[in-house]
Amino acid sequence: MFRRLTDDYAVAPQIALTDLAAAAADGFTLIINNRPDGEEPDAPQGDAVAAAAAAAGLAYVAIPVGHGGFSAAQLDALDAARAAHPGKALAYCRSGTRSTHLWALAQARGGANVDDLCGTAAAAGYDISMLRPIMTSLNAGA
């Protein structure tokens with residue numbers, strides 16, 4: 001269920017509260033919620049995930065990404081969360097796609113090779129090729 005992008009970063013589709021114990025057992029230290037509350041009323045909402053993460057000894061950060069796209073503030077929030085909580089992070093959204101996109105954009109902005117990012121995401125089952133122009137632009141500004 002957890003799709004590893006790097007040794008210290010994985011993404012997942014919507015997690016259940018019971019998945020947090022498995023994440024902790026797998027060595028994750030940070031849960032990143034990329035789903036806006038209310039997007040799917042039957043899914044666990046942020047407060048419930050935050051409480052279950054705390055009970056499992058995990059840090060929790062919400063960086064909601066709606067279907068309207070990504071912003072520099074979201075990239076900044078991801079960078080800040082990673083800096084504040086070093087270790088293994090697990091990000092989730094409905095399918096893992098938005099979490100993968102956010103990770104790739106932040107990595108490109110930090111100077112990571114765009115071809116490598118596309119290959120890494122593809123190996124985890126995510127096609128991010130449509131982000132190539134924006135990643136290249138972000139990468140050029142790194």
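## Helices, sheet and cavity in a predicted model

The axes of helix H4 (residues 97-109) and helix H6 (residues 132-140) come within 7 Å and cross at roughly 30 degrees, where axes are lines fitted to C-alpha atoms, for helices over the stretch in contact, and angles run from 0 to 180 degrees between N-to-C directions. H4 and H6 are therefore roughly parallel to each other; angles under 35 degrees count as roughly parallel, over 145 as roughly antiparallel, 65 to 115 as roughly perpendicular and the rest as oblique.

This is a predicted model, in which local features need pLDDT of at least 70 and side-chain atom pairs count only at pLDDT 80 or more, while totals for chains, interfaces and linings use all residues. Residues are numbered from 1 along each chain as its sequence is written, and side-chain values use heavy atoms, with hydrogens and water left out.

Helices (H or I, at least four residues) and strands (E, at least two) are DSSP runs, numbered from the N terminus. Contact means heavy atoms within 4.5 Å, and in this sense Ala104, Leu105, Ala108 and Arg109 in H4 meet Ile134, Met135, Leu138 and Asn139 in H6.

H4 also packs with helix H3 (residues 72-84), at an angle of about 85 degrees and with the axes 9 Å apart. That makes H3 roughly perpendicular to H4. On the H3 side the residues that meet H4 are Ala72, Gln74, Leu75, Asp76, Leu78 and Asp79, and their partners in H4 are Leu102, Trp103, Leu105, Ala106 and Arg109.

The table sorts residues by class: Ala, Val, Leu, Ile, Met, Phe, Trp, Tyr, Cys and Pro count as nonpolar, Asp, Glu, Lys and Arg as charged, and the others, Gly among them, as polar.

| Residue set | Classes |
|---|---|
| Contact of H3 with H4 | seven nonpolar, one polar, three charged residues |
| Contact of H4 with H6 | six nonpolar, one polar, one charged residues |
| Lining of the largest cavity | three nonpolar, five polar, four charged residues |

The strands form an open sheet of five, in the order E1-E2-E5-E3-E4 and with mixed pairing, where two strands pair if DSSP finds at least two bridges between them. Strand E1 (3-6) and strand E4 (59-62) are the edge strands, each pairing on one side only. From one strand to the next, the twist averages 25 degrees. Strand E2 (residues 9-12) and strand E5 (residues 88-92) run parallel and are joined by four bridges, and Val11 stands opposite Ala91 in E5. Helix H3 packs on the sheet, touching E2, E3, E4 and E5, and its direction makes about 160 degrees with that of E3.
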